[in-house]
Amino acid sequence: IESRHNQSEEETLDMLMGQRKIRTAVYSGKKRERKYNTVPRLMDLCIFKLQEHVDDIDEVGDLDYDILEPVLERASPKTLMHIENLNEHLMIGRNNTSKLWEKHCQKEFKMKKREDMESWREMYERCTQERERKLEQLKGSLKQNYKAEENSRRQTKLAYPDMVAKPPREVAKRQERNGTGLPVGHNMKVVPGAAIPGRAR
């Protein structure tokens, strides 16, 4: 077997140039990996994992809010409410979820204010219900307007049901030739004793 040390300069150059021609794979999007300057603690890794799966959290046992705060900050209002309902201790005490609800209220209901003795979560629930009621009222109003418009169109179509409509050109020629045509706008409703146009007496 020939040693690589015995290769000529041309062979060595070709080998290096060939290595440079190899393309590096390029990936689009953001990398999900989190880089640490130091070796992360086990607790930090657990928090990071919980943040990724915050929507799957149910009961948390005796874990305090201080520990779960970075996880709950990632939760949507619906998820946060679900976690609170299963872990009521997160809503009481000196540190609790109140400031998280304050952020949600300021984000979605900037123009609203808290009522007397109302918590931030209660304000969020109240404003959400008010918004849903207004949306339902708007849907009902649009539905009524659409129904009224449809009824108006039907009445317009039925306004002159007994009047003769203008026939197509070929039909009009045949009617004129056979003497069976009626003038456009003529009332087709039969009146006793009235003569019918186009018929000989």
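1. Lys112 touches Met123, Cys127, Glu130 and Lys134, when residues up to four places away in sequence are left out of the count, and a contact here means heavy atoms within 4.5 Å. Lys112 itself lies in the loop between α5 and α6, and with a relative accessible area of 34% it counts as partly exposed. The cut-offs behind that word are that a residue is buried under 20% relative accessible area, exposed over 50%, and partly exposed in between, with a 1.4 Å probe and protein chains only. The C-alpha atoms of Lys112 and Tyr124, which stand 12 residues apart along the chain, are separated by 9.7 Å.

2. Before going further, please keep in mind that this is a predicted model, in which local features need pLDDT of at least 70 and side-chain atom pairs count only at pLDDT 80 or more, while totals for chains, interfaces and linings use all residues. Residues are numbered from 1 along each chain as its sequence is written, and side-chain values use heavy atoms, with hydrogens and water left out.

3. The overall make-up comes next. The chain holds seven helices and zero strands, so that its pattern along the sequence reads α-α-α-α-α-α-α, where helices (H or I, at least four residues) and strands (E, at least two) are DSSP runs numbered from the N terminus. Of its 201 residues, 18% count as buried, and the accessible surface comes to about 18,000 Å², of which 51% belongs to carbon and sulfur atoms. That area comes from the Shrake-Rupley method with a 1.4 Å probe, and for residues only the protein chains shown count as cover. Among contacts with a separation of 6 or more, residues 24 or more positions apart account for 41%.

4. Which residues of α2 and α3 meet one another? From helix α2 (residues 42-52) they are Met43, Ile47, Leu50 and Gln51, and from α3 they are Ile67, Pro70 and Val71. The axes of α2 and helix α3 (residues 65-72) come within 8 Å and cross at roughly 45°, which makes α2 oblique to α3. Axes are lines fitted to C-alpha atoms, for helices over the stretch in contact, and angles run from 0 to 180 degrees between N-to-C directions; angles under 35 degrees count as roughly parallel, over 145 as roughly antiparallel, 65 to 115 as roughly perpendicular, and the rest as oblique. The crossing of α2 and α3 is right-handed, a crossing being left-handed if the near helix is turned anticlockwise from the far one by less than a right angle, and right-handed if clockwise.

5. The axes of α4 and α5 come within 11 Å and cross at roughly 155°, and α4 is therefore roughly antiparallel to α5. Their crossing is left-handed, and the contact is made by Pro77, Leu80, Met81 and Glu84 of α4 together with Leu100, Trp101, His104 and Glu108 of α5.

6. Leu80, in helix α4 (residues 77-86), deserves a separate look. Leu80 counts as buried at 1% relative accessibility, and, not counting residues up to four places away in sequence, Leu80 touches Leu72, Ala75, Thr97, Leu100, Trp101 and His104. The C-alpha atoms of Leu80 and Leu100 are separated by 8.9 Å, although the two residues are 20 apart along the chain.

7. How many disulfides does the chain have? A disulfide is a covalent bond between the sulfur atoms of two cysteines, and the rule applied here asks for a pair of cysteine sulfur atoms within 2.5 Å; by this rule the count is zero. Cys105 is in no disulfide, and its nearest cysteine sulfur, that of Cys127, is 6.2 Å away, which is too far for a bond. Cys105 is buried, with a relative accessible area of 1%, and Cys127 is also buried, at 2%.

8. Two further residues are worth checking. Met117, in the loop between α5 (98-108) and α6 (120-157), has a phi near 60°, a positive value in a residue other than glycine. Most residues other than glycine have a negative phi. Met117 counts as exposed at 83% relative accessibility. Ser98, in helix α5, is partly exposed at 31%, and its C-alpha atom is separated by 7.4 Å from that of Ser119, 21 residues away along the chain.
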